[in-house]
Amino acid sequence: MNGPRSARVTPPSAALTREGLEGLRARLQRLRAEAFAGEERHRDLLDAVHPQNRLSARNLIHYLVLRRVDMRALQSDLAWLGLSSLGRSEAHVLVSLDRILGMLTLALGEALPSYDEAAPVGFRQGDELVREHAEQLLGPAGSKRSVRIVVTIPTDVADDASLAADLVEAGMDVARINCAHDDPTVWTAMIERLRTAAEAAGRSIRILMDLSGPKLRLDDVGADGVARVRQGDRLLLVPTGQQAAPDVRDGELVVTCPVDEVLRDARTGDPVWFDDGTVGGVIEEAAPSGLRIRVTHAPPRGKKLRGGKGINLPETVLDVPGLRDDDLDALSFAAEHADAVALSFVQSEDDIARLQSELETRGRPDLGVVLKIETRVGFANLPRLLLAAMRSPRYGVMIARGDLAVETGFERLAEVQEEILWVAQAAHAPTIWATQVLESLAKRGTRSRAEVTDA
């Protein structure tokens with residue numbers, strides 16, 4: 001295509017001179033040395049990972065070193081010379097550095113360097129490790145695609161063999177069972193139906209049990225269990241089971257939550273969202289007995305709030321255990337019937353260590369562990385969470401976009417999910433991209449244009 005002539009570009013000051021090439025090489029050599037220094041700083045974490053994941057853990061640390069450096073000037077100089085700017089180096093950081101160093105050394109007319117420390121992950125090996133880990137965790141991909149399809153199993157499957165067969169026939173690779181719903185009797189029936197259908201189709205499927213974790217939900221909403229909420233309304237959030245709400249004021253809607261830590265840790269001024277971000281407010285008064293919330297965001301005609309709808313406090317640091325009593329019961333079931341477990345609302349390394357300890361107690365340390373990233377804290381702690389998950393032989397990440405969008409803000413969702421994918425790629429972690437993927441197609445049989453470009 002013919003277009004307007006571009007203005008002449010002035011090269012970086014150091015471009016193509018011997019002094020400039022030597023300076024660029026020195027900057028890359030410092031990065032390389034810092035990558036190994038990063039390994040030593042995190043030696044305790046590296047030594048704790050499962051032996052088969054050590055290469056991936058080292059590569060993740062090398063990637064984190066690069067992320068801490070302002071790379072813009074360096075990348076500009078590399079791009080000017082027609083060299084890789086390290087923009088796609090996540091899966092094989094050190095060998096990417098070594099390749100560029102080798103090209104610069106040859107350009108200077110010198111012999112290629114011989115490093116004492118070998119790159120832990122080869123150029124093609126990084127992508128191979130991602131594929132290998134995906135197969136270990138999620139099973140083999142279909143013959144005509146490289147991705148797997150994860151389906152959340154509805155209760156109906158427990159009594160409907162034809163529905164189970166339809167899911168398998170449509171290409172489902174992993175059956176996700178949400179432990180927040182149903183019970184072991186229903187879960188057993190689901191799994192039996194699904195595995196029978198897979199066997200009849202000559203296929204194998206994996207079972208992923210999704211532990212509900214410390215999901216914050218409304219219990220009761222007013223006296224009738226449902227109420228329409230509008231902007232400007234005031235809510236009083238109190239603990240579930242409290243005999244009488246304290247000091248209820250005129251026009252105040254009383255709602256309850258079963259997680260007492262919410263009332264303990266929330267502070268005046270913290271934002272709070274309900275029902276996947278459709279209703280939002282700010283805490284005007286915080287006390288252990290209750291939180292007074294003024295609604296600042298709601299649809300023009302209001303929104304009906306019901307029990308069971310989610311609560312998000314994106315700026316509140318909640319000290320909530322990652323595994324609750326119900327999760328431990330579900331984990332015992334998963335140890336007998338599942339191929340992997342997903343840890344919801346994971347925030348700290350302690351959450352993962354507790355899960356791994358419970359799996360060890362149940363004789364299933366080999367069970368796959370999937371980290372569901374759905375809070376600001378989980379996102380911020382992702383690198384250390386992955387290093388902790390690597391103590392298990394099989395590990396992965398789920399980008400749970402529903403709660404994550406509310407927690408980080410819808411404006412940042414695209415950026416945040418990209419960052420999670422980059423870090424996961426550096427850790428060679430298979431990633432499940434979840435929540436409302438082709439939802440219109442699934443519910444109405446036709447996809448929206450936004451869904452096509454999204455997925």
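Which are the buried residues of α8?

Analyst: This is a predicted model, in which local features need pLDDT of at least 70 and side-chain atom pairs count only at pLDDT 80 or more, while totals for chains, interfaces and linings use all residues. Residues are numbered from 1 along each chain as its sequence is written, and side-chain values use heavy atoms, with hydrogens and water left out.

In helix α8, the buried residues are Val186, Trp187, Met190, Ile191, Leu194, Ala197 and Ala198. Their directions fall within an arc of 135 degrees when α8 is seen down its axis, so they line one face of the helix. The arc is taken over the directions from the helix axis to the C-beta atoms. Exposed on the other side of α8 are Thr185, Glu192, Thr196, Glu199 and Ala200. Here buried means under 20% relative accessible area, exposed means over 50%, and partly exposed lies in between (1.4 Å probe, protein chains only). Helices (H or I, at least four residues) and strands (E, at least two) are DSSP runs, numbered from the N terminus.

At the start of α8, the backbone nitrogen of Thr185 has a side-chain oxygen of Asp183 within 3.0 Å. This is a polar contact, that is, a pair of N or O atoms within 3.5 Å; within protein, one must be able to donate a hydrogen and the other to accept it, and residues adjacent in sequence count only if both atoms are side-chain atoms. After α8 comes Gly202, with a positive phi near 70 degrees.

Contact means heavy atoms within 4.5 Å.

The largest nonpolar core has 87 residues, and Ile153, Met209 and Leu386 have the most contacts inside it. Helix α8 (residues 184-200) gives the most to this core, with seven residues. A nonpolar core is a set of buried Ala, Val, Leu, Ile, Met, Phe, Trp, Tyr and Cys residues joined through side-chain atoms within 4.5 Å. Leaving out residues up to four places away in sequence, Met209 touches Ile177, Cys179, Trp187, Phe333, Ala334, Ala338, Ala340, Val341 and Ala342. Another core, of 26 residues, lies apart from it and includes Val221, Leu253, Cys257 and Ile293. In soluble globular proteins, nonpolar side chains tend to be buried together.

Next, the sheet. Six strands form an open sheet of mixed pairing, in the order β6-β5-β9-β8-β7-β11. At its edges stand β6 (252-257) and β11 (311-312), each with a single partner strand, so one side of each has no neighbour in the sheet. Strands pair if DSSP finds at least two bridges between them. Six bridges join β5 and β6 in the parallel sense, and Val238 has Thr256 in β6 as its bridge partner. Five of the six residues of β6 are buried, so β6 is largely enclosed by the rest of the structure. Strands β5 (residues 234-239) and β9 (residues 290-297) run antiparallel and are joined by four bridges, with Arg234 opposite Arg294 in β9.
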